[in-house]
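Please read them alongside the coordinates.

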Amino acid sequence: MTRPGTPRDANRLRILDALRREGRASRGELARMTGLSRSTVAGLVAELVRQGLVVDGGEAYGPEAGAGRGRPPVHLRLCAAAWPAASA
């Protein structure tokens with residue numbers, strides 16, 4: 001865990017806030033929403049998943065899935081069990 005008040009903590013909060021507002025988003029969408037690089041988002045999301053705060057919400061289908069090239073984006077969402085007040 002990082003020290004409170006570090007830039008890393010602030011970036012983690014930016015990601016969590018974006019997911020709280022949007023409900024779900026891919027890593028690429030989180031990068032665009034937060035202004036963070038994709039690699040920073042990927043690292044922070046991996047940490048949040050390990051801590052049980054964020055879960056894989058499934059692959060995007062339809063227009064959200066892109067032009068059919070590459071891997072479809074995986075949507076992430078807040079883990080309801082980790083945030084009981086948010087799901088009430």
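How closely do the axes of helix 2 and helix 3 come, and at what angle do they cross?

1. In this predicted model, the axes of helix 2 and helix 3 (residues 38-50) come within 9 Å and cross at roughly 115°, and helix 2 passes helix 3 in a right-handed crossing. The contact is formed by Arg27, Gly28, Leu30, Ala31, Arg32 and Thr34 on the helix 2 side, with Arg38, Val41 and Val45 contributed by helix 3. Sorted by class, this contact of helix 2 with helix 3 has four nonpolar, two polar and three charged residues.

2. The axes of helix 1 and helix 2 (residues 27-34) come within 10 Å and cross at roughly 105°; since angles of 65 to 115 degrees count as roughly perpendicular, helix 1 and helix 2 are therefore described as roughly perpendicular to each other. Here helix 1 supplies Arg14, Ile15, Ala18, Leu19 and Glu22, while helix 2 supplies Leu30, Met33 and Thr34. This contact of helix 1 with helix 2 has five nonpolar, one polar and two charged residues.

3. The geometry of helix 1 (residues 7-22) can be checked against its length: at 1.5 Å a residue, its 16 residues should span 22 Å, and the end C-alpha atoms are 23 Å apart, which agrees. Helix 1 is followed by Gly23, whose phi is positive, near 90°.

4. As for burial, the buried residues in helix 1 are Asp9, Asn11, Arg12, Ile15, Leu16, Ala18 and Leu19. Ile15, Ala18 and Leu19 are buried and also take part in the contact with helix 2.

Conventions:
Residues are numbered from 1 along each chain as its sequence is written. This is a predicted model: local features need pLDDT of at least 70, side-chain atom pairs count only at pLDDT 80 or more; totals for chains, interfaces and linings use all residues. Side-chain values use heavy atoms; hydrogens and water are left out. Helices (H or I, at least four residues) and strands (E, at least two) are DSSP runs, numbered from the N terminus. The expected span of a helix is 1.5 Å times one less than its number of residues. Buried means under 20% relative accessible area, exposed over 50%, partly exposed in between (1.4 Å probe, protein chains only). Axes are lines fitted to C-alpha atoms, for helices over the stretch in contact, and angles run from 0 to 180 degrees between N-to-C directions. Angles under 35 degrees count as roughly parallel, over 145 as roughly antiparallel, 65 to 115 as roughly perpendicular and the rest as oblique. Contact means heavy atoms within 4.5 Å. Ala, Val, Leu, Ile, Met, Phe, Trp, Tyr, Cys and Pro count as nonpolar, Asp, Glu, Lys and Arg as charged, and the others, Gly among them, as polar. A crossing is left-handed if the near helix is turned anticlockwise from the far one by less than a right angle, and right-handed if clockwise.
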